[in-house]
Amino acid sequence: MSHARRHTTKAPAVDEAAADEGPLPADPATRPAYQKYDVSVRKSRIDGFGAFAAEDIPPHRKIGEIRGESISVAEARRRAAGRQRIMIVEVSTRKAIDASQSQDPMRFTNHSCRPNARLSIRDGRIEFYALRAIAPGDEITVNYGETHHEGTLACRCGAPGCAGWL
Ligand SMILES: [Zn+2]
């Protein structure tokens, strides 16, 4: 896990509206090789849309990645300023990935204070790994860690012991 300050939040509302057309294609033949397990995008009880397992995911396995536009951290902070829903992750002290235009289902992954997966920033990649077995239909969640909201956004993850804020 990178120690770099990360901006990890959700996609812009405009993109969520587009997802009303239905789940993203889940055919293994059409998903990229870095998306290891079948994940579908549906309405979430936590917030907006979420990423849901569409098949069994064993513990500790890589689920998938989010890929996107490589930008500078300075540009990432400019884009993040004043926006509630963004999908930008700082992958080093100098580089960030803006996945706002990404088709990767993992970009819809919601925060939970008791997540079943974790985010790993490694070699400039944004990867997701299962913390435990995840069953079909389970929403995949991670702990975002520090976000650009800096503790001002209410958390609605519903987990026992929820920290309350992002
Ligand atoms: Zn919470």
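1. Strands E1 and E2 make a hairpin in which five residues lie between the two strands, and Gly48 in the turn has a positive phi of about 55 degrees. Strands (E, at least two residues) and helices (H or I, at least four) are DSSP runs, numbered from the N terminus. The model is predicted: local features need pLDDT of at least 70 and side-chain atom pairs count only at pLDDT 80 or more, whereas totals for chains, interfaces and linings use all residues. Residues are numbered from 1 along each chain as its sequence is written.

2. E1 (residues 39-43) is joined to E2 by five bridges, and the two run antiparallel; two strands count as paired if DSSP finds at least two bridges between them. Within this pairing, Val41 stands opposite Ala51 in E2. E2 is also joined to strand E10 (residues 139-142), by two bridges and again antiparallel, with Ala51 opposite Ile140 in E10.

3. Five of the five residues of E2 (residues 49-53) are buried, so this strand is largely enclosed by the rest of the structure. A residue is called buried if 20 or more other C-beta atoms, placed from the backbone, lie within 10 Å of its own. Both faces of E2 are covered: buried residues are Phe49, Ala51 and Ala53 on one side, and Gly50 and Phe52 on the other. In a regular strand, side chains alternate between the two faces of the sheet.

4. Three bridges join E5 to E6 (residues 95-98), and Glu90 stands opposite Ala96 in E6. Contact requires C-beta atoms, placed from the backbone, to lie within 7 Å.

5. Gly68 is located in the loop between strand E3 (62-66) and strand E4 (69-72). Gly68 is buried, because 20 other C-beta atoms lie within 10 Å. Not counting residues up to four places away in sequence, Gly68 touches Ile97, Asp98, Ala99, Gln101 and Ser102. Gly68 and Arg125 are 57 residues apart in sequence, and their C-alpha atoms are 9.8 Å apart in space.

Methods
A residue is buried if 20 or more other C-beta atoms lie within 10 Å of its own, exposed if 12 or fewer, and partly exposed in between; C-beta atoms are placed from the backbone. Two residues are in contact if their C-beta atoms, placed from the backbone, lie within 7 Å.
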